[in-house]
Amino acid sequence: MRCAFCDNIDTQVRDSRAHSNSHIIKRRRYCPSCGERFTTIEQLIRREIVVVKRDGRREMFDIEKLRRSIKLATAKGSLDDGSVDSMANTIHKQLENRVNHDVNTKTVASMVMKRMQAVDDMSFIRFAAFYSDRVTYSDFLSLIETVKEVGAPQDGPDLFTVGDVVKPKRGRKAKNS
Ligand SMILES: [Zn+2]
């Protein structure tokens, strides 16, 4: 690390302090050339997570977007901001720990749903309705009934296990008829 004052190449580390609960280390440095002291911060660079959308488009994972979608599903205020934050942060950490850093939106949605169903049924159903492209309005009503009767599905591999649980009473009309 170059000296912040005289640009000398060799500086010495005099003290290192790790922050508890974070991957940050502060180092106190001394420059033997000019005698000045300065502090550097060493921080873990997290691997980037890429979200693969339904149409195949890829975009960088954005925790703000995740927070917004969780909040949308809980518009009635069943989750306070702190709970939304901690849910989003937990999911973010889980995604970082995956071997594969490409993740599809279904997987992210199912991770949210697993946490949401523990919080409240209504938010869970709203979220399921937003993120499943197979859930029609009648599926949605059946889903509500299913959750009322047997509780939300416990641990599906992804969102669409929800569709498998629901058995709509009426057949869906073909779009092109
Ligand atoms: Zn210096």
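I number residues from 1 along each chain as its sequence is written. In this predicted model, local features need pLDDT of at least 70 and side-chain atom pairs count only at pLDDT 80 or more, while totals for chains, interfaces and linings use all residues.

**Helix α2**

I took helices (H or I, at least four residues) and strands (E, at least two) as DSSP runs, numbered from the N terminus.

I then looked up burial, where buried means 20 or more other C-beta atoms within 10 Å of a residue's own, exposed 12 or fewer, and partly exposed in between, with C-beta atoms placed from the backbone. M87, A88 and L95 are the buried residues of α2. They fall within an arc of 95 degrees seen down the axis (by directions from the axis to the C-beta atoms), so they line one face of the helix. G82, S86, T90, K93 and N97, on the other side of α2, are exposed.

**Sheet β1-β2-β3**

I found an open sheet of three strands in the order β1-β2-β3, paired antiparallel; two strands pair if DSSP finds at least two bridges between them. β1 (12-18) and β3 (37-43) are at the edges with a single partner strand each, so one side of each has no neighbour in the sheet.

I counted six bridges in the antiparallel pairing of β1 with β2 (residues 24-30). S16 has R27 in β2 as its bridge partner.
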